[in-house]
Amino acid sequence: MRGPVVDIVVLSLLILFFGTQQYSRPQKYYRLWFIGWIFILLSYAVWAPVLTAAPMEHLQEVVRYDLVLAGTLAFLLSFLAAREGLWRGVAKGLLIGVPTVLALDAVEFVAVPRTVLMIAVVGWGAYSLRAGYVLIPKQWRKARVAIYTISLVFGVVELWSIWKSGGDELFDWALVEVVFCSAVLYMSIAGRRSVAAWMGTFGFLMWGMFYLIATMLPETSTTVKALHTCWTLPKYFVAFSMILKIFEDATEEKVRMAEDYRQLYDDFRMMFEGHPNPMWVYAEEDGRILAANDSAVSCYGYTVEEFLRMKVEDLTVTSDAEAALLEALYQEAKGGFARHQYKDGRKIWANISHSGIKFRGVDACFQIARDVTDRVESTQLRMHQANHDVLTGLPNRALLADRIQQCMKRCEREGRKATLLTIDVDHFKSINDTYGHPTGDECLKIVAARLASKIRQVDTIARVGGEEFAAIVGGLHIAEDAQKVAQSLLSVFDEPVWLGDIDVSVTVSIGIAIYPDDATEAGALTRRSDEALYAAKRGGRNQAVTWASMAEGVGMVKELGAA
Ligand code: GH3
Ligand code: MG
Ligand code: MG
């Protein structure tokens, strides 16, 4: 065995290290270092057995040199690994390199004509110059000049070596060329501030110098003998520099990531602080506000310190009847609505978007509030308009229909009765004709207000036609209660209606239908109530008639005194 086993063991460990690194890291050059060290290890393994037979010894020599060259080429390429077009360049290199290497290998066994070797060397040199031009980044100006110089000088030296000795030392020169080029590129890739770069450059230079000296001096010289005792040293320098580079990369990455995170944090902080809408973060557990932005401070009127002492529910007005109503209306809307109160007491409608987050290690909720008071109020107005009469402000026929249904259901549940009263102003046409339409309108408003004053909040009175009204009154124990209600409605016109400077005497006629006695369904109940109204009209007006009595042809309820 030749060469210390310890080198092979150490190289194997190195390969293991680079193998794991190239696996777990994105840097492409780690992969080429891994491959490069495998070649170097193989060159040692091939060199280890002592062979004596001439052809085998030559073969061993040739293979060993090929492997070292392949290894150093992998290192050289590793420094250009991030370059685009590298693999195309490598393919072309193989196209020229493989015949060149074969020609150089053949020298060991046969007499290769000088012209063939010269063509191979010139091809190799031309390729190196071209590859250097394409693959070395433009900004590495010094590196380019150095690589061109090395390629040219060694090209000439190699040609001279062929001329002088038939190319015996060609392989050594080619190796020194590749290793020197690697030294130049290592510094370029890692930069002057990298200890790894200095160490690696030094290692490659030393590696090249060892070969250079061994080639130029006779094997028997003491210098060469001394070099052989520490032959692996430059390679360990290179290997150690590569390990160092991996650590440098990791540190650099950590610093960069920390910087990125800081930048990201600053950006988000700025977006939060400067956002035009009020925003805050509160703890999921107890609603404590953990952060609030500038807009929240300026809109809501609390300082940040005050916000931090508050809970999110402190912003909400809870005992607000409207809130419940609109909450129900906007249930489907994303995020929902809330009734908020500013520090100065003003109330707003806020559209709230929220999302769960982790804030300083706490389960929290992030909210954005948009003031949508105008929108909500205009919707509220639109909804009111859709269901109410413009002149009197009373519910219209559509809303009444809804309330009749609700009332009937409630009464059914509670075992109570309800009454539908249809009310029509008597001879209203003549009021119009006498005082004019506008005065007629004023009169209708007063009529509506007087009727409404006798209807409880839970019941409903609606304007269902020109001068026709209808009231649904629930919760009655007996049918006769309906007549009492009708009576109270008739009595509100005991006093004449005062219209500016004229008093107008107004009476109404009322038709009464009872749920569930007269009808159990809204349409029928309405029809019955109408029929009763016409009976009241026919019977002389200013009275209330129940449908039941009408059907029997008796039982008119006359307004006391007025009849
Ligand atoms: P009666 O009901 O007692 O039989 O007599 P009437 O004069 O009230 O007759 P009817 O119900 O048929 O006429 C309703 C009148 O009410 C006709 C119309 O000019 C008037 N009217 C309807 N809507 C309005 C309104 O919005 N404003 C005013 N000023 N008048 C209206
Ligand atoms: Mg009328
Ligand atoms: Mg009418």
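**Figure 1. Gly93, a buried glycine in helix α4.** In this predicted model, G93 is buried, with a relative accessible area of 12%. G93 sits in helix α4, which spans residues 86-106. G93 and S78 are 15 residues apart in sequence. In space, their C-alpha atoms are 15 Å apart.

**Figure 2. The chain as a whole.** This view steps back to set the close-ups in place. The chain has 20 helices and 13 strands. Its radius of gyration is 51 Å, well over the 24 Å that the globule rule gives for 563 residues, so the chain is more spread out than a compact globule. Along the principal axes, the C-alpha atoms fill a box of roughly 150 × 50 × 45 Å. Buried residues account for 45% of the 563 residues. Of the contacts with a separation of 6 or more, 63% are between residues 24 or more positions apart.

**Figure 3. The surface and its charges.** The chain exposes about 29,700 Å². Carbon and sulfur atoms supply 61% of that area. The chain carries 57 positive and 64 negative charges.

**Figure 4. The magnesium ion of ligand 2.** Which residues hold this ion? D424 (OD), V425 (O) and E467 (OE) coordinate the magnesium ion (ligand 2). The distances run from 2.0 to 2.2 Å. Along the chain, the donors follow the spacing D-V-x41-E. V425 belongs to strand β6, residues 417-425. E467 lies in the loop between β7 (460-463) and β8 (468-476). V425 and E467 are 42 residues apart, and the pair links distant parts of the chain. V425 is buried, at a relative accessible area of 1%. E467 counts as buried too, at 18% relative accessibility. The cut-off for buried is under 20%, so the value for E467 falls within it.

Figure 5. Which residues coordinate the magnesium ion (ligand 3)? They are D424 (OD) and E467 (OE), at 2.1 to 2.3 Å. D424 lies in strand β6 and E467 in the loop between β7 and β8, so this pair ties together parts that are 43 residues apart in sequence. D424 also bridges the magnesium ion (ligand 3) and the magnesium ion (ligand 2). The two ions lie 3.4 Å apart. Is D424 buried or exposed? At 10% relative accessibility, D424 counts as buried.

**Figure 6. His427, with a positive phi.** This view shows the loop between β6 and α16. H427 lies in that loop, and α16 covers residues 428-435. H427 is not a glycine. Even so, its phi is positive, at about 45 degrees.

**Figure 7. A cis peptide bond at Pro516.** Which two residues does the cis peptide bond join? They are Y515 and P516. Omega at this bond is about 0 degrees. P516 is found in the loop between β11 and α19. Strand β11 covers residues 508-515, and helix α19 covers residues 522-538.

Figure 8. Where is N542? N542 is placed in the loop between α19 and β12, and β12 covers residues 543-546. Its phi is positive, at about 50 degrees, although N542 is not a glycine. N542 is buried, with a relative accessible area of 12%.

Figure 9. Is R382 buried or exposed? At 52% relative accessibility, R382 counts as exposed. The cut-off for exposed is over 50%, so the value for R382 passes it. R382 is placed in helix α14, residues 373-387. R382 and V281 are 101 residues apart along the chain. Their C-alpha atoms are separated by 34 Å.

How values were computed
Residues numbered from 1 in each chain as written. Chains lettered and ligands numbered in written order. Predicted model: local features only at pLDDT ≥ 70, side-chain atom pairs only at ≥ 80, totals over all residues. Heavy atoms only, no water. Helix = DSSP H or I, 4+ residues; strand = E, 2+ residues; numbered from the N terminus. Rg over C-alpha atoms; globule rule 2.2 N^0.38 Å. Buried < 20%, exposed > 50% of the residue type's maximum accessible area, 1.4 Å probe, protein only. Contact = heavy atoms within 4.5 Å. Areas by Shrake-Rupley, 256 points an atom, 1.4 Å probe, with all protein chains shown as cover. Lys, Arg positive; Asp, Glu negative; His and termini not counted. Charge placed at Lys NZ, Arg CZ, Asp CG, Glu CD. Donors = N, O, S within 2.8 Å, 3.2 Å for Na, K, Ca; no water.
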